[in-house]
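Biologist: Hi, I'm new to this one. Could you put it up on the screen and walk me through it?
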Amino acid sequence: MYGTKSKIDLAFEYQSQVAVLRPSIHSRRANLTVKFQDLYGFTVEGNVDDVNVLNEVREKVRQQGRVWWALEASKGANWYLHTTIGQSSALTSSLKFSALTNAITLKKLIRKGIPPVLRPKIWFSLSGAAKKKSTVPDSYYDDLTKAVDGKVTPATRQIDHVRSSPFSFHDHRTQLGLVLNSIKFLYYGSGHQGPSGLFGCLLFNKCLQDLPRTFPGHPWLDTPEGHAALRRVLVAYSFRDSDVGYCQGLNYVAALLLLVMKTEEDAFWMLAVLLENVLVNDCYTNNLSGCHVEQRVFKDLLAKKCPRIASHLESLEFDVSLVATEWFLCLFSKSLPSETTLRVWDVIFNEGAKVIFNVALAIFKMKEDELILTHHVGEVINILQTTTHHLFDPDDLLTVAFDKIGSMTTNTISKQRKKQEPEVMKELDQRIRRLNSLRTDDK
Amino acid sequence: MATIGHNNLNAKLVGPSTPFRFPLFLSQYFVSDDLFLSSFRQVLLGDMGAGKSSLVLRFVKGQFLEFQESTIGAAFFSQTLAVNDATVKFEIWDTAGQERYHSLAPMYYRGAAAAIIVYDITSLDSFTRAKKWVQELQKQGNPNMVMALAGNKADLEDKRKVTAEEARVYAEENGLFFMETSAKTASNVNDIFYEIAKRLPRAQPAQNPTGMVLVDRPAEGTRGASCCS
């Protein structure tokens with residue numbers, strides 16, 4: 001089963017050849033559309049302008065590569081790791097200074113983009129994934145995937161039983177907890193007696209439906225091999241964190257991580273660090289409470305940073321989370337062209353989740369003049385979708401995101417989140433109680 | 001889009017595909033929703049994989065994809081339908097089906113004039129989910145909401161788990177109208193939207209108080225409003 005990894009690498013070789021838009025991106029400029037592949041193998045339908053822009057972008061990527069190589073040559077291959085001033089006071093002031101300049105250089109450089117070939121290496125160290133991985137045995141991922149692959153335990157038989165009768169979500173979760181406990185015992189307690197084949201199947205059914213529905217038509221992701229790799233990453237993660245389990249949206253994120261990182265294992269660790277350290281807590285759990293919090297923070301920020309747009313949209317009764325929810329849950333992977341999405345991710349992994357707000361605000365900001373002339377919800381959505389789908393030049397977006405939005409620190413965002421949290425929890429709680437009372441009424 | 005409308009319908013789809021466009025220079029005289037175009041918000045709810053997006057895609061674009069990208073949050077589409085002497089513009093919110101996305105649903109069904117609750121005839125679980133949605137809408141939704149129950153994937157007769165009779169009885173008891181549909185074969189797809197359009201009260205105000213739409217806006221309105229996320 002791990003033999004596929006080398007094939008993944010092979011499958012990636014075509015990448016260096018060309019650029020494209022995603023199948024989900026349809027050009028609105030009718031008539032003269034061309035289909036081509038982008039840097040990450042997505043089929044893009046665009047007009048001639050789009051092709052030209054993509055060619056320019058490819059040239060910029062090459063130039064940016066030269067900058068990185070030059071830095072490696074002058075500062076050493078892993079210079080970007082020496083950006084934090086160590087706790088030991090033994091550091092000389094000149095070392096401190098060089099760490100500081102490295103940090104500043106790196107921040108600027110990353111906002112201009114990491115060359116695709118360097119992405120796996122740099123993402124892995126900067127995001128903290130490497131550190132996370134180093135805290136467990138080397139065989140962690142292999143053991144985990146083996147453990148969840150096709151074996152039967154008493155607990156899974158219970159699940160099987162549950163599955164044969166109609167079960168509610170809550171039953172499902174209880175059973176899930178049971179199984180996971182037994183897995184933890186088996187995994188950490190008695191070595192490699194693999195648990196949970198049937199449970200796996202249960203969960204697989206959910207994921208399985210989604211595998212061919214994740215970027216359909218992609219030359220690698222949409223193959224049996226791509227599906228299998230994506231499934232292993234998603235299922236492995238669902239066992240690592242039972243609260244998250246599998247949440248739709250993660251399929252897109254994990255798929256793109258696979259494309260970038262090239263090995264399942266690294267993609268798995270990137271997913272782990274993203275969910276556990278980078279993004280707000282509970283973004284993908286049970287009732288997506290983290291995501292609700294982010295949406296409220298975003299609404300407030302829009303009112304503060306783009307007051308004209310915010311008040312106009314309010315007059316249309318347009319709730320920005322109607323469109324922004326998908327941006328936050330898929331980290332733009334369903335909306336922006338692939339290289340633009342990954343440029344956003346470059347910065348997220350270096351600067352944190354606040355970047356999502358910068359970018360989301362920038363999308364609105366870029367279209368301020370058009371948005372305030374809209375009369376209707378449909379028009380607003382149309383403008384935003386057309387804009388995101390055609391943002392082939394990442395710099396168009398990132399320049400606005402970092403130069404025109406004004407700075408936002410992670411600290412400010414955290415404070416905002418804390419402010420919104422109680423209200424969100426209260427509302428979600430009330431809702432669940434209302435729904436439960438509906439159900440008991442029914443009985 | 002030319003594939004739309006091969007069903008035996010009185011309805012004529014006047015969407016982006018039809019050659020007729022209301023002359024732009026006249027459109028300024030028809031700015032009222034009530035006079036010419038009523039616009040209604042509609043929401044699709046149902047279990048993951050029941051075929052909500054496929055139904056909308058079939059209705060709006062006349063297409064069917066064996067593997068439709070999974071919807072995250074919700075996707076927006078619009079389509080205009082001529083029903084007898086009136087023109088109805090649907091603003092359709094196609095929602096994500098996974099259970100945990102449930103908490104986002106009120107944002108989409110709040111203020112909706114119509115809902116299609118979709119289940120998959122080959123899955124009992126999805127029928128159970130559909131009933132829960134009906135219950136929730138009855139308690140939490142707009143009281144005048146027109147509700148339709150769609151038993152989708154009707155082409156998979158040999159895998160059927162939910163009988164049409166069972167669903168029909170349930171729908172009747174709960175004041176919904178019921179159709180079995182197939183996004184794949186297009187069976188009953190236009191019909192169910194058309195039936196909803198017929199049942200919508202014409203006098204009902206449009207969702208957006210400020211939604212005074214110019215009748216035809218080739219640049220934005222109908223042309224690109226269908227989405228593909």
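Modeller: One definition before we start: a residue counts as buried if 20 or more other C-beta atoms lie within 10 Å of its own. With that in hand, look at strand S5 (residues 114–120) of chain B, where seven of the seven residues are buried. Keep in mind that this is a predicted model.

Biologist: Which residues of S5(B) sit on one side, and which on the other?
Modeller: Ala114(B), Ile116(B), Val118(B) and Asp120(B) are on one side, with Ala115(B), Ile117(B) and Tyr119(B) on the other, and both faces are covered. In a regular strand the side chains alternate between the two faces of the sheet.

Biologist: What does S5(B) pair with, and in which sense, parallel or antiparallel?
Modeller: S5(B) pairs with strand S6 (residues 146–152) of chain B in the parallel sense, over seven bridges. To pick out one of the partners, Ile117(B) is bridged to Leu149(B) in S6(B).

Biologist: How many helices and strands does chain B have?
Modeller: Chain B has seven helices and seven strands. Along the sequence they come in the order β-α-β-α-β-β-α-β-α-β-α-β-α-α. Of its 229 residues, 55% count as buried. Among the chain B contacts with a separation of 6 or more, 75% are between residues 24 or more positions apart.

Biologist: OK, switching to chain A. What is in there?
Modeller: Chain A has 21 helices and two strands. It has 443 residues, and 44% of them count as buried. For contacts between residues at least 6 apart in sequence, 68% join residues at least 24 apart.

Biologist: How do strands S1 and S2 of chain A pair?
Modeller: S1(A), residues 34–37, and S2(A), residues 43–46, pair in the antiparallel sense over four bridges. Phe36(A) has Val44(A) in S2(A) as its bridge partner. The two strands form a hairpin with five residues between them, and Gly41(A) in the turn has a positive phi of about 85°.

Biologist: Is Leu331(A) buried or exposed? And what about Lys262(A), what does that count as?
Modeller: Leu331(A) is buried, because 26 other C-beta atoms are within 10 Å. Lys262(A) has 18 C-beta neighbours inside 10 Å, so Lys262(A) counts as partly exposed.

Biologist: Now H14(A). Which of its residues are buried?
Modeller: In helix H14 (residues 307–315) of chain A, the buried ones are Ile309(A), Ala310(A) and Leu313(A). Seen down the axis of H14(A), they fall within an arc of 100°, so they line one face of the helix. On the other side, Pro307(A), Arg308(A), Ser311(A) and Ser315(A) are exposed.

Biologist: What do those buried residues of H14(A) pack against?
Modeller: They pack against four helices of chain A: H13 (289–305), H17 (354–366), H18 (368–371) and H19 (377–389). After H14(A) comes Glu317(A), with a positive phi near 60°.

Biologist: At what angle do H16 and H17 of chain A pack?
Modeller: H16(A), residues 338–351, packs with H17(A) at an angle of about 145°, and the axes are 8 Å apart. Val344(A), Val347(A), Ile348(A) and Glu351(A) in H16(A) meet Lys354(A), Val355(A), Ile356(A) and Val359(A) in H17(A). By class, this contact has six nonpolar, no polar and two charged residues.

Biologist: Last topic: where in chain A is confidence lowest, and where is it highest?
Modeller: Confidence is lowest in helix H7 (residues 154–164), with a mean pLDDT of 27, and highest in H17(A), at 98. Chain A averages a pLDDT of 80, with 77% of the residues scoring at least 70. Over residues 1–30 of chain A, pLDDT stays under 50. Residues 151–204 of chain A also stay under 50. Where pLDDT is low, the predicted coordinates should not be read in detail.

Technical notes
Residues numbered from 1 in each chain as written. Chains lettered and ligands numbered in written order. Buried ≥ 20, exposed ≤ 12 C-beta atoms within 10 Å, placed from the backbone. Arc of directions from axis to C-beta. Contact = placed C-beta atoms within 7 Å. pLDDT = per-residue confidence, 0-100. Axes fitted to C-alpha atoms, helices over the stretch in contact; angles between N-to-C directions. Nonpolar A, V, L, I, M, F, W, Y, C, P; charged D, E, K, R; others polar. Pairing = 2+ DSSP bridges.
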